[in-house]
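This briefing goes through one structure, topic by topic. Please keep the sequence and the 3D view at hand while reading.

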Amino acid sequence: MPTAELGRFEFESGQAVEDLTVAYETYGEFDGRNAVLVCHALTGSQHVADSPDGVAGQGHGWWRSVVGPGKAIDTNDYFVVCANVPGSCYGTDGPSAEGPDGDPYGTDFPPVTVGDWTRSQRRLLDELGVGRLHAVVGGSVGGMNALDWARRFPDDVRRVAAVAAAPRLDAQCLGLNAVARRAIRTDPDWNGGDYYGDSHPDRGLALARQLGHLMYLSKDSAGRKFGRRTAGREAGGDAFPSDPAAAFFPYRDVESYLDYQADQFVERFDANSYLYLVRAMDDYDLAAGYDSDAAALAAFPGDALVLSFTGDWHFTVDQSEDLAESFRAGDASVAHHVVDSDHGHDAFLVEPESVGPPLRDFLADGVAGRSVTDTAESDTEPSSYAPVHNSLFSG
Ligand SMILES: CC(=O)SCCNC(=O)CCNC(=O)[C@H](O)C(C)(C)COP(=O)(O)OP(=O)(O)OC[C@H]1O[C@@H](n2cnc3c(N)ncnc32)[C@H](O)[C@@H]1OP(=O)(O)O
Ligand SMILES: N[C@@H](CCO)C(=O)O
């Protein structure tokens, strides 16, 4: 696994680490003009495409249907770079990494922000000899990371694609994320973040992720996947305490799914990293330090693709339309491409057939790309694309 030692790195919090290690992957050959930075989502890794050496676990590229030889982001044409963000746990320094005293940092690791991710990526690209990027592409909080590039380094990137993203999280998602973090911190095994070498706070992390999964589904996708079906009780994990009355009631398919996903997740992710990265997402505000989103993006002269999904209530089509309007106010050429999908937020991960063509053509020809559509040119009012399910709790 390639890593770069980036030297002293000062975080936006003012705290620093003396020698920041960043784990990254590259795919394809660099020709001086073809570098594409892909920014991963919350719990993703640097392994965006399948690795030729077949790394285990997260080596199974999380966007392998979109990035690779002959894929939409074609590694025969582009030099793709993906780096694990600071605070995460796939080889870049974060709470589970070894600190100066030889023990894991735990919660002594500095708080991280999306801006820290962008600055660490800039430093990594300098190490790799990449100056101006052809494009930055990111999904979900990776899309926020891509927007941060347009704001922070507007002359360093020709094209920016923000997929299933938004300028900031809304109050409902902030609330759910706050509860998710509490689930981790109230697990007795969390122990103030000092649990390495001991029992990990798996139950807290499982609950946090289950809340996350519910945010990434839509009512339609959850209804289609599970309905109200009953699952075999033997399918359930025994991680959580039960009560005698529970035996009278069904253990449902949706519960079984959440238990299964949580079991998988606690095997691959660190609880402190989850706390750190969710906070970074919550904290991100495109307009921070500016009067407005438009002012924050005003210096970006390139092409911008805003790609949203009708079934996504985590980052809504309306938020993407506002973002596109903010780009339109400046010098950027922008297209807001709306995908009609009931998959929910994770549509960007599971619908390569919808995401691939506009991304491919945007990388090739910018907003003039053949498959790229724009709400400003469509007959349909953007608001008519608004997701039906604005609230997790609406009837
Ligand atoms: C960059 C990044 O995003 S990070 C890395 C990838 N992303 C994530 O891990 C995010 C969290 N995961 C997800 O959101 C989704 O699982 C995705 C997006 C990765 C895949 O979505 P889908 O293809 O729709 O798969 P789905 O969510 O239905 O999960 C399928 C798994 O759940 C299991 N499953 C489905 N229904 C049930 C059920 N009722 N009970 C128990 N298990 C179930 C399936 O057997 C399957 O197991 P497998 O993965 O071992 O084969
Ligand atoms: N499900 C993805 C996207 C979250 O926004 C992840 O966990 O990384």
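Arg181, leaving aside its neighbours within four places in sequence, is in contact with Leu275, Val278, Arg279 and Asp282. Arg181 lies in helix α3, and with a relative accessible area of 11% it is buried, because buried means under 20%. The model described here is predicted.

**Domains**

- The domain assignment of the chain gives two parts: domain 1 (3-172 + 287-392) and domain 2 (178-281).
- To the contact between these parts, domain 1 contributes 37 residues and domain 2 contributes 26 residues.
- Taken over C-alpha atoms, the centres of domain 1 and domain 2 are 26 Å apart.

**Ligand 1: position and shell**

**Ligand 1: polar atoms**

- An N or O atom in the side chain of Asp346 is 2.4 Å from an oxygen atom of ligand 1.
- For Ser256, a polar side-chain atom lies 2.5 Å from a nitrogen atom of ligand 1.
- Asp253 takes part through its backbone, where an N or O atom lies 3.1 Å from a nitrogen atom of ligand 1.
- Ligand 1 exposes 990 Å² when taken alone, and the protein buries 61% of that.

**Ligand 2**

- The residues that surround ligand 2 are Ala41, Leu42, Thr43, Gly44, Ser140, Arg209, Tyr216, His345 and Asp346.
- A polar side-chain atom of Asp346 lies 3.0 Å from a nitrogen atom of ligand 2.
- His345 has an N or O atom in its side chain that is 3.1 Å from an oxygen atom of ligand 2.
- Ser140 places a polar side-chain atom 2.5 Å from an oxygen atom of ligand 2.
- On its own, ligand 2 has 260 Å² of accessible area, of which the protein covers 95%.

**Residues with a positive phi**

- Most residues other than glycine have a negative phi.
- Ser140 has a positive phi, near 65°.
- This residue, Ser140, sits in the loop between β9 (133-139) and α2 (141-152).
- Ser140 is buried, because its relative accessible area is 5% and buried means under 20%.
- Asn191 also has a positive phi, in this case near 55°.
- The place of Asn191 is in the loop between α3 (171-185) and α4.

**Helix α1**

- Gln121 is found in helix α1, which covers residues 114-128.
- Gln121 counts as buried, because its relative accessibility is 3%.
- Not counting residues up to four places away in sequence, Gln121 touches Leu37, Cys39, Val85, Asn145 and Trp149.
- Asp126 is in helix α1 as well.
- How many residues apart in sequence are Asp126 and Val254? The two are 128 residues apart in sequence, and their C-alpha atoms are 46 Å apart in space.

Terms used:
Residues numbered from 1 in each chain as written. Chains lettered and ligands numbered in written order. Predicted model: local features only at pLDDT ≥ 70, side-chain atom pairs only at ≥ 80, totals over all residues. Heavy atoms only, no water. Helix = DSSP H or I, 4+ residues; strand = E, 2+ residues; numbered from the N terminus. Buried < 20%, exposed > 50% of the residue type's maximum accessible area, 1.4 Å probe, protein only. Contact = heavy atoms within 4.5 Å. Polar contact = N/O pair within 3.5 Å; in protein donor to acceptor, adjacent residues only side chain to side chain. Areas by Shrake-Rupley, 256 points an atom, 1.4 Å probe, with all protein chains shown as cover. Near = heavy atom within 4 Å. Domains from an automatic or database assignment.
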